[in-house]
Amino acid sequence: MKKLYGTVVPMVTPLTEEDKIDVESLQRLTDHCIDGGLQCLYPCGTTGEMMYLTTEERKQAAETVVRHAAGRVPVFVHVGAWNLKETIALAQHAASIGADGIGVVTPAFYKLSDRGIADYYITVAKSVPEDFPVYLYGIPQNAVNDLSVAVCEQVAGQCPNVIGAKYSYPDMTRLQQLMTVRKERFHVLVGPDHLFQAVVAVGGDGVVSGNAMCIPEHYAALWDALCRKDMELATRLQRRTNVLNAVLCERNNIAAYKVILKAEGILSTTKVRRPMENLTAEEEEELLKRMEMLKYREVD
């Protein structure tokens with residue numbers, strides 16, 4: 001089974017001025033990420049405004065990325081939705097269109113016990129082929145429910161296709177505990193960019209980074225340094241990552257990504273799905289100026 005590794009890109013979902021999926025922009029974004037040296041694509045996740053898209057829009061976005069990537073890099077589709085029925089429908093759709101695997105966020109909004117979360121994941125994992133990879137996804141600051149080590153052990157023990165987790169809360173202890181699941185054969189990726197180097201250094205598989213869409217050459221260089229175990233260079237690149245991350249995520253990181261990608265000619269609009277908010281004209285100008293100052297600066 002394929003796995004997620006390196007710099008995984010949680011792609012934004014480009015929208016037209018008429019608030020439809022912008023297929024051509026999504027194709028350009030797919031090429032941009034692959035050509036930029038990033039390892040895997042992850043459409044329809046948090047950065048893709050997943051909970052503000054309809055099920056049909058999510059299927060359209062997934063089909064576009066899988067078809068256009070054409071096997072050049074692994075594509076794992078995020079399928080977690082507001083309810084179990086839609087999650088299963090999206091999971092089965094991803095398998096049917098040739099995606100390499102899926103990610104599934106914990107159930108959101110209502111607080112659940114570990115028993116309820118494990119039952120949810122087991123049901124989803126068993127709805128797709130046994131050899132179709134599934135990643136669990138924890139982002140408790142958004143979804144309310146956390147992803148515990150006990151849940152991962154139970155689900156991975158019953159479902160051989162559950163091969164790893166993406167954990168998007170900055171807790172190094174939890175991240176390292178997750179790496180012990182299934183006798184240390186559980187693949188773990190981190191969400192917060194400032195932990196990229198640290199997580200890989202202790203045995204993690206990489207980062208899921210929206211920032212990487214905007215500065216792919218930087219993340220490609222950092223992953224290369226980590227693979228070569230050049231920790232001196234990786235440390236310098238990681239510190240620069242932290243500065244870039246602070247600028248990109250200062251206000252609304254999804255809106256910021258779209259501003260930068262439009263300025264680079266990849267997206268046709270900066271439109272986000274309401275009630276998500278766009279940056280103001282003044283905020284856009286400030287962001288572009290600050291990124292221009294940082295983007296091409298040499299590593300000290």
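This is a predicted model: local features need pLDDT of at least 70, side-chain atom pairs count only at pLDDT 80 or more; totals for chains, interfaces and linings use all residues.
Visitor: How much space is in the largest pocket?

Guide: The largest pocket holds about 780 Å³. Of the 33 residues lining it, T46, T47, Y137, I139 and N142 are the closest to its centre.

Visitor: Which elements give two or more residues to that lining?

Guide: Those are helix 5, residues 140-143, and helix 13, residues 253-263.

Visitor: And what is the lining of the largest pocket like by class?

Guide: It has 17 nonpolar, 13 polar and three charged residues.

Visitor: New topic. In what order do the strands of the open sheet run?

Guide: Eight strands form the sheet, in the order 2-1-8-7-6-5-4-3, and the pairing is parallel. Strand 2 (40-42) and strand 3 (76-78) are the edge strands, each with pairing on one side only. On average, neighbouring strands are turned by 25° against each other, direction ignored.

Visitor: How many bridges join strand 6 to strand 7?

Guide: Four bridges join these parallel strands, with strand 7 covering residues 187-190. K166 has L189 of strand 7 as its bridge partner.

Visitor: Where is S168, then?

Guide: S168 sits in the loop between strand 6 (162-167) and helix 7 (172-178).

Visitor: Is S168 buried or exposed?

Guide: S168 counts as buried because its relative accessibility is 8%, and the cut-off for buried is under 20%.

Visitor: What is S168 in contact with?

Guide: Leaving aside neighbours within four places in sequence, S168 contacts Y137, G138, I139, Q141, G191 and P192. Y137 and I139 are also among the residues closest to the centre of the largest pocket.

Visitor: Which peptide bond is cis?

Guide: The bond from R274 to P275 is cis, with omega near 15°. P275 lies in the loop between helix 13 and helix 14. T270 is in the loop between helix 13 and helix 14 (281-295) too.

Visitor: What does T270 touch?

Guide: Not counting residues up to four places away in sequence, T270 touches K258, V259, K262, N278 and E284. T270 is buried, with a relative accessible area of 17%.

Visitor: What about phi for R182 and where is that residue?

Guide: R182 is in helix 8, residues 181-184, and its phi is near 50°, a positive value in a residue other than glycine. Most residues other than glycine have a negative phi. E184 is also found in helix 8, and the phi of E184 is positive too, near 65°.

Visitor: Are R182 and E184 buried or exposed?

Guide: R182 counts as buried at 18% relative accessibility, whereas E184 is exposed at 63%.

Visitor: What lines the largest cavity?

Guide: Its lining residues are V247, L248, E250, R251, N252, A256, L279, E283, L287 and R290. Helix 14 gives the most, with three residues. By class, the lining has five nonpolar, one polar and four charged residues.

Visitor: And which residues line the second largest cavity?

Guide: They are C44, R58, K59, A62, V77, H78, V79, L90 and H93. Helix 2 (55-69), strand 3 and helix 3 (84-96) each supply at least two residues of that lining, and helix 2 gives the most, with three.

Technical notes
Residues are numbered from 1 along each chain as its sequence is written. Side-chain values use heavy atoms; hydrogens and water are left out. On a 1 Å grid over the protein atoms alone, a cavity is a set of points where a 1.4 Å probe fits but cannot get out, and a pocket is an open set with protein on both sides within 12 Å along at least five of seven lines; lining residues have an atom within 4 Å of a point. Grid points are joined across faces, edges and corners, and a volume is the space filled by probe spheres set on the points. Ala, Val, Leu, Ile, Met, Phe, Trp, Tyr, Cys and Pro count as nonpolar, Asp, Glu, Lys and Arg as charged, and the others, Gly among them, as polar. Buried means under 20% relative accessible area, exposed over 50%, partly exposed in between (1.4 Å probe, protein chains only). Contact means heavy atoms within 4.5 Å. Two strands pair if DSSP finds at least two bridges between them. Axes are lines fitted to C-alpha atoms, for helices over the stretch in contact, and angles run from 0 to 180 degrees between N-to-C directions.
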